[in-house]
Structure formats: structure tokens, C-alpha cells
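This briefing goes through one protein model by topic. The sequence and the structure come first, and the notes follow.

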Amino acid sequence: MQAIELLSRHAGERLSLARIVRATGMSRATAHAVLTQLTADGWTVRDGEGNYSLGLGLLAVARRADTAFPLRRLALNPMRTLADDHDVPVFLAELERQGGVPSFTPGKPGQNMAGGDAGIDAIVITEVLGTPSVPWIRPARRMPFAPPVCREFIAWAPESEREAWLAAADPRHRPRLTAVLDAIAARGYSVERLADESAPMLEALAALRHSPVTDPLRHRLSAMIADLITIDYLPDELGDHNAVVSVAAPVFSPGGSVIASIVACPDTNLPAARLRSLADATIAAADTVTASLRS
């Protein structure tokens, strides 16, 4: 798994055995044995110089596995229409649940580099159209299912789940988050916003948070980032210029729970009318996917 994951992150390259050993931490003997078997199965290819890349056998497996996850396939056409009509990048985020009951425990030891915890519910980006200006928006990126993000996933949740999610939030944010969740449920979409003057500082703090620092410092940086963020827009806050990073609308399962969201990423200032137009189109795309799942 480590070898395939590494090769998939460098899909256009051919990696030497030494590089694979360094990147995975496997011994040279183990890496050689693993890659020999993967090559025999067609999952990897070894060239004349002894370098490795992904093989067509893995592609066949991936295509068969793709049928087990129909959401991406059903969402692609509505996403393309949204991206083309409004000239914005669009991505699909899916809920990955580890058990029957969601858990909201961000910051536990063992958090992986992708942004999610082993055994903790996460949001996974499964498709990206266009090139979002925000660098963390990329396929396979995982985000903890925790406040203040993932609001469009929790706004329609049962009260017990909603209360658990709010309880995991910074106490200073809970009153606003409660009002925002009500607004999202009423209008049908969430907005990620950021004041322009805060953007350079936020980017610098985020880079520091993901560098090798102690846990207390990481928590302090997270708190500083939270202080810079204004969570969503309430109805009376929309004006002539609204700093909109993204607009997200929920996709519902046949049972009525939110299992994904379609997210448009203008990352610019939008007048209220333009924001509502983009939001309506994003809702329409998500509703199309919901209808396809129910048919």
C-alpha cells in the first residue's frame, strides 16, 4: 500500500528502488520483494534502468472499484455544467464515516498529514474540476469532520448530532455557528468567507501550523487562525462586496442524510446578486445528484 500510494503521488515519474526505500521507510529487501510481486501482478512496471511506475493492472482494478462509489460518476456532469456556466473551479466533497455515529474530536494524537484522523469521520475531496486558488483543494485531501468547517453537512443533521458538533467548537464561535446553521438550512447553502486583509496572515499561520512544531504551539496557531476567520454570512451581512472563497450545497442520500457537497470556488468579491446566482446554480447541481441517487 505504501509503494502504490507513493507511486500514485508521482504518477508521471519513474522512481528508483532507493527513492522508494527512503520515502516509505521499508528496508531495501522488503521494498524489492514488494515491488517484484506488484510488477508480477501488473500493478507496477519496472523499466530497463530498474525504476518503477504504476502499471495498467492497477488501472483495471481502480476502474472496477470505481463502480462501488457511484457518487463521483453521478456528480461529474452537473459539476461540469456549474463550472462552465459560472467559470469557477468546482469540487466534490464526500463524507467518510468510520462508524454509525459521527465523532467530533479534532486534534487527537495520530492525526495524519492529509488532515484527518484514523478512526475519525472525515470529509474527502473526491473530484476537482478546474484549478482552485486555494492550494489545499486537491483530490484525496481529507478534512476532519469538525467545526467550524463542514457546516453544510451538519445543518440538516438530527439535533443530537448538531449539538455534538457544536460542543466541539470553540466556545466563542458557538452562538454564531448556531445562527449560521439555521441560515444554511433555510437558504440551502454555506459560504466560506475571508476578509481580504487577513488572507496573507492566514496563509502564513497555516504554513506554520503544518510545520514540525510542538502540540501547544500548533493549538495556539489554530486559535489564531480561528480568530481571523469570520464564519459564513448571515442574511443581514450581505453587501455590495462579499469576500467569497467558496459556496457549498448538500447532496442527500435516499434516506435524507447529507453524504456529500458540491462546492463552487470563486475566491473573489461578489455582489449579493451574483452570490445568490452562484448559490442557486450550486444547489441545482447538488439537487440533480440527489435526484439521481433516489432514482
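How many helices and how many strands does the protein chain have? The protein chain has eleven helices and nine strands. The model is predicted.

**Chain overview**

- The protein chain has 295 residues, and buried residues make up 43% of them.
- Among contacts in the protein chain with a separation of 6 or more, 61% are accounted for by residues 24 or more positions apart.

**Helix 2 and helix 3**

- Helix 2 covers residues 17–24 and helix 3 covers residues 28–40.
- The two helices pack with their axes 10 Å apart, at an angle of about 115°.
- Because of that angle, helix 2 is roughly perpendicular to helix 3; the class runs from 65 to 115 degrees.
- The crossing of helix 2 and helix 3 is right-handed.
- On the side of helix 2, the contact is made by L17, A18, I20 and V21. On the side of helix 3, R28, A31, H32 and L35 take part.
- By residue class, the contact of helix 2 with helix 3 divides into six nonpolar residues, one polar and one charged.

**Aromatic pair F145 and F153**

- A search of the whole structure finds two aromatic pairs.
- The ring centres of F145 and F153 lie 6.1 Å apart and the ring planes are at 80°, so this pair is edge-to-face. The cut-off for edge-to-face is over 60 degrees.
- F145 counts as buried because its relative accessibility is 2%.
- F153 counts as buried too, with a relative accessibility of 5%. Buried means under 20% relative accessible area.

**Aromatic pair W156 and F252**

- W156 and F252 form an edge-to-face aromatic pair, at 5.6 Å centre to centre and with 85° between the planes.
- Where in the chain do W156 and F252 lie? W156 is in the loop between helix 6 (151–154) and helix 7 (159–167), and F252 is in strand 7 (residues 242–252).
- The pair links distant parts of the chain, as W156 and F252 are 96 residues apart.
- Is W156 buried or partly exposed? W156 has a relative accessible area of 28%, so it is partly exposed.
- F252, at 16% relative accessibility, counts as buried.

Terms used:
Residues are numbered from 1 along each chain as its sequence is written. This is a predicted model: local features need pLDDT of at least 70, side-chain atom pairs count only at pLDDT 80 or more; totals for chains, interfaces and linings use all residues. Side-chain values use heavy atoms; hydrogens and water are left out. Axes are lines fitted to C-alpha atoms, for helices over the stretch in contact, and angles run from 0 to 180 degrees between N-to-C directions. Helices (H or I, at least four residues) and strands (E, at least two) are DSSP runs, numbered from the N terminus. Angles under 35 degrees count as roughly parallel, over 145 as roughly antiparallel, 65 to 115 as roughly perpendicular and the rest as oblique. A crossing is left-handed if the near helix is turned anticlockwise from the far one by less than a right angle, and right-handed if clockwise. Contact means heavy atoms within 4.5 Å. Ala, Val, Leu, Ile, Met, Phe, Trp, Tyr, Cys and Pro count as nonpolar, Asp, Glu, Lys and Arg as charged, and the others, Gly among them, as polar. Rings of Phe, Tyr and Trp (its six-membered ring) pair if their centres lie within 6.5 Å; planes under 30 degrees apart count as stacked, over 60 as edge-to-face and the rest as tilted. Buried means under 20% relative accessible area, exposed over 50%, partly exposed in between (1.4 Å probe, protein chains only).
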